[in-house]
Amino acid sequence: MHPHIEDYALIGDLQTAALVGRDGSVDWLCLPRFDSGACFAALLGGKDNGHWTLSPHSPEARARRSYRGDSLVLDTVWETPSGRVRVTDFMPQRDRQPDVVRIVEGLDGSVEMRSVLRLRFDYGRVVPWVRATEGCRAAIAGPDSVWLRTPSQGTTYGKDFSTRTDVTVAEGERTAFVLTWHPSHEPRPDPIDPFEALASTLEDWHAWSARCTYDGPHRAAVVRSLITLKALTYAPTGGIVAAPTTSLPEELGGFRNWDYRYCWLRDASLTLNSLLSAGYLEEAGAWREWLLRAVAGAPDDLQIMYGLGGERRLPEFELPWLAGYDGSVPVRIGNAAVEQRQLDVYGEVIDSFHVARTAGLPAEPHAWSIQRALVDYLESTWRDPDEGLWEIRGPRRHFVHSKVMAWVAADRAVRALETDPTLGGDIDRWRAMRDAVHQEVCEHGYDADRGTFTQSYGSTELDAATLLIPRVGFLPGDDPRVVGTIDAVRRELTLPHHPHGTGRAPIGLVRRYSTEGGSVDGLPGGEGTFLVCSFWLADALRLSGRRREAAELFEQLLELRNDLGLLSEEYDPVAHRQLGNFPQAFSHIGLVGTAFGLLEGARAD
């Protein structure tokens with residue numbers, strides 16, 4: 001059995017990231033980019049698929065962990081019968097090639113430590129050739145080369161196709177392990193000083209975190225979510241991945257396992273809102289620049305997602321040699337949803353530019369030309385069915401959320417021209433489109449008998465995405481149709497979660513939609529509750545005037561984070577476990593957005 005998903009910590013260098021378990025094992029790391037092949041893939045297989053474990057040799061060792069201040073530097077304090085040590089794991093922001101640094105510091109007594117490094121390139125499949133050279137261990141296979149520097153006072157040897165180091169660390173002593181990757185055809189990079197790298201990494205993170213302007217309740221949770229979003233940023237381009245992992249399951253043992261190491265357009269406006277609200281104009285600007293590059297081209301070629309640099313081809317295939325997390329197969333690389341038609345992304349892209357414009361980001365000369373082309377194209381296509389927000393792999397439908405976002409596209413374009421008529425565009429035509437979309441959604445996407453918006457035209461199914469209707473301004477939050485939709489979602493799409501040992505009443509965690517019976521998504525099996533949807537529910541409650549309920553829900557959602565403040569994509573309220581790719585940008589965007597919304601509402605009172 002694998003560790004629980006929430007048992008992992010995240011470290012990274014703004015180009016890739018690693019997951020470190022409570023047991024001191026790095027079980028996932030792709031080098032040199034988020035979307036590269038993993039050299040440690042035990043997360044999705046077994047230890048033979050690659051890991052790096054650093055822990056006391058004593059079986060009686062016990063650990064507690066935390067991030068050091070507002071940083072991505074992980075401290076794990078190990079207590080053993082013979083003493084205590086602190087292991088500090090981090091990845092310094094790179095000058096050229098990536099490094100993983102693991103520093104061991106003796107706190108009292110002495111502790112025998114063991115490092116077990118089992119490199120397996122190409123997602124746990126390729127065993128490298130390892131040799132001792134220049135006082136290090138060098139591992140080479142195909143395009144990949146890794147160097148491991150170990151403590152000089154330790155004993156390093158090979159065993160069971162792994163590289164092991166035994167070292168005893170006494171009180172007051174510090175020693176370090178450094179793993180460095182580089183392309184195998186290039187010379188070894190200059191080694192870093194691990195202790196100087198620690199100091200500069202802490203300085204970088206603390207300086208970045210101090211720029212956060214949020215001053216409301218639960219500031220630590222908001223800052224941790226913003227740090228996580230920053231960690232999921234690919235610094236060379238400004239793109240933000242949905243998660244650093246692939247194929248962590250939405251249902252244990254299930255089929256719904258997807259690759260999230262790419263950049264989704266629908267995250268754009270929400271990410272921009274989070275960054276701008278917190279004062280991170282530089283990061284918001286970089287994300288907008290990535291967006292401009294990615295969407296450039298013919299409007300009918302707009303994709304729902306792109307690679308880190310704006311790459312368009314993300315072919316999906318399976319890795320049969322990996323047994324999957326807790327037996328959840330297949331393990332997938334790439335994402336076939338890139339080929340889907342999802343009309344909502346047009347609204348999300350145009351809304352992201354609207355957010356940037358109203359926040360005062362400097363205008364880009366060609367940005368408005370792109371927006372005009374997108375709105376003009378959407379005018380002729382918004383009546384078509386699509387696969388929708390949730391990337392269904394069944395027949396196309398007229399999804400209500402997709403239509404609402406088409407209304408958003410027209411609305412934001414109209415508002416832009418009302419603010420600055422010199423931009424150019426047919427404002428009367430766009431107003432007509434906006435009115436037509438609104439009328440059609442209210443006629444065909446609303447079930448008057450039940451008093452709720454539905455998932456798609458003619459359907460009786462509900463969809464948590466309709467909770468966004470008041471947030472995007474389609475209808476006011478206190479409109480009876482919005483209030484009815486909120487109540488229907490709470491009644492039909494929530495599962496009760498009983499917080500451990502609190503004595504409080506259970507809260508309802510929101511599913512995206514029903515997966516029972518003939519599910520709309522065309523996939524077998526089920527899934528957990530979708531965490532961002534529960535944040536959307538809190539937002540909708542606040543906008544409908546139920547601020548106390550919104551605040552209570554938000555407080556209880558915070559308790560679903562792991563001990564380090566991290567959230568995955570989903571949550572199983574029965575098993576009390578996180579599910580899905582981890583950590584998930586969408587979940588942390590939801591947390592930040594809800595926190596700012598509650599603060600804004602409190603100040604308005």
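Predicted model: local features only at pLDDT ≥ 70, side-chain atom pairs only at ≥ 80, totals over all residues.

Trainee: Okay, how many helices and strands does the protein chain have?

Mentor: The protein chain has 13 helices and 28 strands, and its C-alpha atoms fill a box of roughly 75 × 55 × 45 Å when that box is taken along the principal axes.

Trainee: What radius of gyration would a compact globule have with 605 residues, and what does the chain have?

Mentor: A compact globule with 605 residues would have a radius of gyration near 25 Å, and the protein chain has 25 Å, so the value agrees with that expectation.

Trainee: And what share of the residues is buried?

Mentor: Buried residues make up 62% of the 605 in the protein chain. As for the surface, the chain exposes about 22200 Å², of which carbon and sulfur atoms supply 50%.

Trainee: What about contacts, how many join residues at least 24 apart?

Mentor: If you take the contacts between residues at least 6 apart in sequence, 65% of them join residues at least 24 apart.

Trainee: Switching to the inside: which residues touch the most other members of the largest nonpolar core?

Mentor: Those are Leu179 and Trp536, in a core that counts 189 residues. Helix α8, which covers residues 400-419, gives the most to this core, with twelve residues.

Trainee: Which residues is Trp536 in contact with, leaving aside its neighbours within four places in sequence?

Mentor: Its contacts include Leu389 and Trp390, then Ala464, Ala465, Leu467 and Leu468, and also Arg471 and Phe586. Apart from this core lies another one of nine residues, among them Val101, Ile103, Ala197 and Leu198.

Trainee: Now the strands. Is β8 mostly covered or mostly open?

Mentor: Strand β8, residues 83-90, is mostly covered, with six of its eight residues buried.

Trainee: How is β7 joined to β8?

Mentor: A hairpin joins β7 to β8 through two residues. The strands run antiparallel, and seven bridges join β7, residues 74-80, to β8. Within that pairing, Trp78 has Val85 of β8 as its bridge partner.

Trainee: And how many bridges are there between β8 and β9?

Mentor: There are eight bridges between β8 and strand β9, residues 99-118, and the two pair in the antiparallel sense.

Notes
Residues numbered from 1 in each chain as written. Heavy atoms only, no water. Buried < 20%, exposed > 50% of the residue type's maximum accessible area, 1.4 Å probe, protein only. Helix = DSSP H or I, 4+ residues; strand = E, 2+ residues; numbered from the N terminus. Pairing = 2+ DSSP bridges. Core = buried A, V, L, I, M, F, W, Y, C linked by side-chain atoms within 4.5 Å. Contact = heavy atoms within 4.5 Å. Rg over C-alpha atoms; globule rule 2.2 N^0.38 Å. Areas by Shrake-Rupley, 256 points an atom, 1.4 Å probe, with all protein chains shown as cover.
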